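Please keep the structure open while reading.

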Amino acid sequence: MTESSPKTLLDVRDLGVAFDSEVGAVHAVNGVSYALREGETLGIVGESGSGKSVHVLAMLGLIPRPPGRVTGGEVLFAGRDLLALPERALRKVRGGQIGFVFQDPMSSLNPGMTVAAQIIEPLRIHLGLDGRAARARAKDLLDLVRIPNAAARLDQYPHEFSGGQRQRVMIAIGLSCRPKLLIADEATTALDVTVQAEIIGLVQELKREIGMAIIWITHDLGVVAGIADTVQVMYAGRILERGPVDDVFRDPRSAYTLGLLRSLPDLSRGRAGRRRLHQIEGAPPDMRHPPPGDPFAVRNAYATPRCLAERPPLAQAPGAAPGHLVAAWYDLPARLAAEGVSR
Amino acid sequence: MSHVGSPRPGVIGAGTGLPPATGLAPATPPRAEPGPFRAFWNRLTARRSAIVGLVIVVALILMAVFADWIAPYDPIATDWGAIRSSPDWAHPFGTDEVGHDVLSRIVFGARASLGAGLTSVALAVALGLPFGLIAGYAGGILDMLIMRLTDALLAIPFLILAIALAAFLGPSLTNAMVAIGLSATSTFVRLTRAQVQAVAAEEFIEAARAVGNPPWRIALRHILPNIVPAILVQATLTIAAAIIAEASLSFLGLGQQPPEPSWGSMLNVAKNFLEQAPWMAIWPGASIFLAVLAFNLLGDGLRDALDPRQRT
């Protein structure tokens, strides 16, 4: 705890999560460690099953137990270990100091409750607001997320809102108690691109107004580039690379990050530069039996024999910007230079 | 027919000129914007069979409530001058073997049938819903205990169980209601549990947990309202089954006790006079048929109208 700098809001240490199944325990998250400063926006990217969503849900005790269980680690939030808190105390954190926005706004709102009733819930639980005061606050929150004619829409049901508006309502609920941290789990994935852009713009504006830290979980690198200060690439329940977003995108040190970046279409090249999109060969490892070495090694053309045998630690990448960490035995820039590949 | 918002239950059936039912029809007050209840009402009344079922149910309920005004005679008054007399102007439905007016007994018998149907299902829901909610939401050992008990009850056919319980409790209409209610409980435990588990897996339940709701609040405020439609449909259909069960128990002498009228016990007596006085059997039989049909039509209509797949 003494290591935490005064500005550290969230300090995740060696977090592990497993799900017990009939065919053995599935190790979804394995020794994830990172820190988040106050007001920082962290983008976490990775494919389905990389543990990016599960590890944040586990922090707040939101994974179903059983079959899920936290196998180890600490999650220090504002100096307290969330994993050691009793359920009752954890409930005060959920929705209070930590707000959540879920993936699908179509299914994250209760279809049988008015929007006002759903915004008021956290206000009642965490701020003790009720009646007229809570309603006034709910209207202010709808104004905050730029829903026009908020007062008239309070008593409407979710089905009367469009997808983008519902996600705005979800953000209003997430921000209702002025959280220090907002966790958005694939918050724009289910929305079409123009609405996505609106929501991202809104979150950035709200961040300037409220100043909360954000963990933005997505598999969309473009969104991360637009919103995050720091990016963290996860694979097979581990962090493979992490660092300032510009630095990681310009100078990736993990072959997995490189593969993700290469799989993006490059519109700047125009029609003439059109190329077949890159595809990462193979499939993620069976997490019932995590590989002993680098989990990405079997799919990695640059892997060395050591990658298969021994797990690389997450450490400062040589020659990269400070805070740019990578878990790799191979030296990606050197290998690329040797191949004569230009990105 | 499809015009909504002006339920006029007095139009068909008895033609008694009685004031319209106030608290009986599930009509919702018209509102400016199409709220969820209004939308439900529109979907329900879009189906002709559901309207027929609803109208008959309302008419039967009115008949039961206002039996004292509708029935031309005291249902237990005997007219020794008219034993098993065939239908005529004095006794439109004829009389039975001790001179009871069959029409009056049909009208009063609706009290026993509908009363038993509604009361027993209310009891079944009141018992089944909490247990199903606990089993579905709490899970674990409580779930296992409740469900094994439910399985044991479900292994016994509904009517056999009701007969056994009624025989054990002793013959009376109240005991018959209790017996039917207890027999129907396991269905509601099972349905509630399945519905709770389905709703609990929805993303908005996770969202509700993520804002710090305690479990009891999630169960009562977020899950319960979302399973009401399924329970309502099942309850309506179970009322039909309960009406048959009450008639069966009364037929066997375990329900309504003579001389108090019940459609089932009327059939029991009538079976001895089928050739001499068929009207004694036709009217109570037709009444049971009509009531059961109406509740089934209404239940089917409710199921269609509340089907979440048809909602926007």
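## An enclosed strand

In this predicted model, strand S9 of chain A, residues 230-235, is largely enclosed by the rest of the structure, because six of its six residues are buried. Buried here means a relative accessible area under 20%.

The burial applies to both faces of S9(A). On one side lie Thr230(A), Gln232(A) and Met234(A), and on the other lie Val231(A), Val233(A) and Tyr235(A); all of these residues are buried.

## The neighbours of S9(A)

Which strands pair with S9(A), and in which sense? Strand S3 of chain A, residues 41-45, pairs with S9(A) in the parallel sense, over four bridges. In S9(A), Thr230(A) has Leu42(A) opposite it.

Strand S10 of chain A, residues 238-244, pairs with S9(A) in the antiparallel sense, over six bridges. Here Val231(A) stands opposite Gly243(A), which belongs to S10(A). S9(A) and S10(A) form a hairpin with two residues between the strands. In this hairpin, Ala236(A) has a positive phi near 50°.

## Where chain A meets chain B

The next topic is the interface. On the chain A side, 28 residues are in contact with 17 residues of chain B. The two chains bury an area of about 2,000 Å² between them, and carbon and sulfur atoms give 53% of this area. Within chain A, the residues that lose the most area to chain B are Arg91(A), Phe102(A) and Glu121(A). Together they account for 24% of what the chain A side buries.

How many salt bridges are found across the interface of chain A and chain B? The rule finds one. A salt bridge joins the side chains of Glu121(A) and Arg217(B), with a distance of 3.0 Å from N to O. Glu121(A) is also one of the residues of chain A that lose the most area to chain B. Across the interface of the two chains, the rule also finds eleven residue pairs in polar contact, with both residues at pLDDT 80 or more.

Two helices of chain A, H3 (115-127) and H6 (163-175), each supply at least two residues of the side that touches chain B. H3(A) gives the largest share of that side, with six residues. By residue type, the side of chain A that touches chain B is made up of 14 nonpolar, nine polar and five charged residues.

Terms used: Residues numbered from 1 in each chain as written. Chains lettered and ligands numbered in written order. Predicted model: local features only at pLDDT ≥ 70, side-chain atom pairs only at ≥ 80, totals over all residues. Heavy atoms only, no water. Buried < 20%, exposed > 50% of the residue type's maximum accessible area, 1.4 Å probe, protein only. Pairing = 2+ DSSP bridges. Contact = heavy atoms within 4.5 Å. Buried area = accessible area lost by both parts, 1.4 Å probe. Salt bridge = Lys/Arg side-chain N within 4 Å of Asp/Glu carboxyl O. Polar contact = N/O pair within 3.5 Å; in protein donor to acceptor, adjacent residues only side chain to side chain. Nonpolar A, V, L, I, M, F, W, Y, C, P; charged D, E, K, R; others polar.
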